[in-house]
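Dear colleague,

Please find below the structure that I am handing over to you. My notes on its contents follow directly after it.

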Amino acid sequence: GWNMKIVKRTYASERNDIPRCAQYVLKVSYSFKNKALPQDLSGENFSTVLGTQTSALALFLLKRGIMGPSWLLLNNPARPSTSVSWCSVEYVVQGKKAITKDMTGRDPPPLVVASINLKTIIDHKNNTNEVAAASILFAKPVKIDAPMQRSEWNVPDLRGSGHGLVEVAVVRKIGNTAFPPGFDRAVQQRNSGKQGKVVEQCANERALLNYLLVKLKQIDPDVIVGHNFAGFDLGVLLHRLQELKVMNWSRIGRLKRNNFPKLGGGGGQWGGGAGAGAMSTL
């Protein structure tokens, strides 16, 4: 249902036709399952509506005062009957007020940071980019509130302790051509090192993408970085996942999704190339 009440608010955005002072307004609340009211809506007894395009996540963060990664307290959490994400643990709570910030002052949670690098080739027949090889370099745990000493992150993880740098790579054959002479032996030598198997060989692009998604789910990165990742690599990944009909493509992020978003360009706001649809997959 819809709820309405009169509240006092102060406008502080860019429109000059709305007074920037405290004033009474009509607050209207309705479910996100309903279609959002249009931004240009007006009527006989009101001149404008605000906040119609605000996302549920943005409203939640504002209402609960959550700023950046932080510890949260959950009141009466329960395990869901079906999972909606790729996370190893999920909980549901009854309403936003069941979630509060932890004010005990403990250190912010450490994060897992992954850097993704793609090597692409051009399919001149279809004028598209294909993924020929990919690598992931990730580090954990990474502090978010203070610098880290080089000795804390710039070391390979040789003991499987989950600390330091770990690198994995995957490469595929191009068409019907074989790998270069000596390549298989070089890969075997690389994989026999102290870090174990770090290079995977695939017969085709679909197998490569599946392997990459499995690794991303295992790593479960909180932050993904890369050179022009939002402007190029992310778009290429999503288009290839869609074109090759790769199952569980949403493992690139954390929410389980069935339908691909609209994969259009987004301009400078989204890193020069990725649009809001592409960014929503992370």
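Arg 254 is partly exposed, because its relative accessibility is 28% (buried means under 20% relative accessible area, exposed over 50%, partly exposed in between, with a 1.4 Å probe and protein chains only). Please note that this is a predicted model, in which local features need pLDDT of at least 70, side-chain atom pairs count only at pLDDT 80 or more, and totals for chains, interfaces and linings use all residues. Residues are numbered from 1 along each chain as its sequence is written, and side-chain values use heavy atoms, with hydrogens and water left out.

The side chain of Arg 254 meets that of Asp 222 in a salt bridge, at 2.8 Å from N to O (a salt bridge is a side-chain nitrogen of Lys or Arg within 4 Å of a carboxyl oxygen of Asp or Glu). This pair links distant parts of the chain, 32 residues apart: Arg 254 lies in the loop between H5 and helix H6 (276–279), and Asp 222 in the loop between H4 and strand E9 (223–225). Helices (H or I, at least four residues) and strands (E, at least two) are DSSP runs, numbered from the N terminus. Asp 222 is partly exposed, with a relative accessible area of 35%. Salt bridges with shared partners also join Glu 130, Arg 172, Glu 205 and Arg 240 into one network.

The structure holds 8 salt bridges. Among them, Arg 106 pairs with Asp 102, with the closest N and O atoms 2.8 Å apart. Arg 106 is partly exposed at 48% relative accessible area, whereas Asp 102 is buried at 13%. Another joins Glu 200 to Lys 197, with the closest N and O atoms 2.5 Å apart. Here Glu 200 is buried, at 17%, and Lys 197 is exposed, at 51%.

Turning to the helices, H4 (residues 205–219) and H5 (residues 229–243) pack with their axes 10 Å apart and at an angle of about 120°. Axes are lines fitted to C-alpha atoms, for helices over the stretch in contact, and angles run from 0 to 180 degrees between N-to-C directions. H4 and H5 are therefore oblique to each other (angles under 35 degrees count as roughly parallel, over 145 as roughly antiparallel, 65 to 115 as roughly perpendicular and the rest as oblique). Gly 235, in helix H5, is partly exposed at 24% relative accessibility. Gly 235 and Gly 275 are 40 residues apart in sequence and 8.7 Å apart in space, C-alpha to C-alpha.

Yours sincerely
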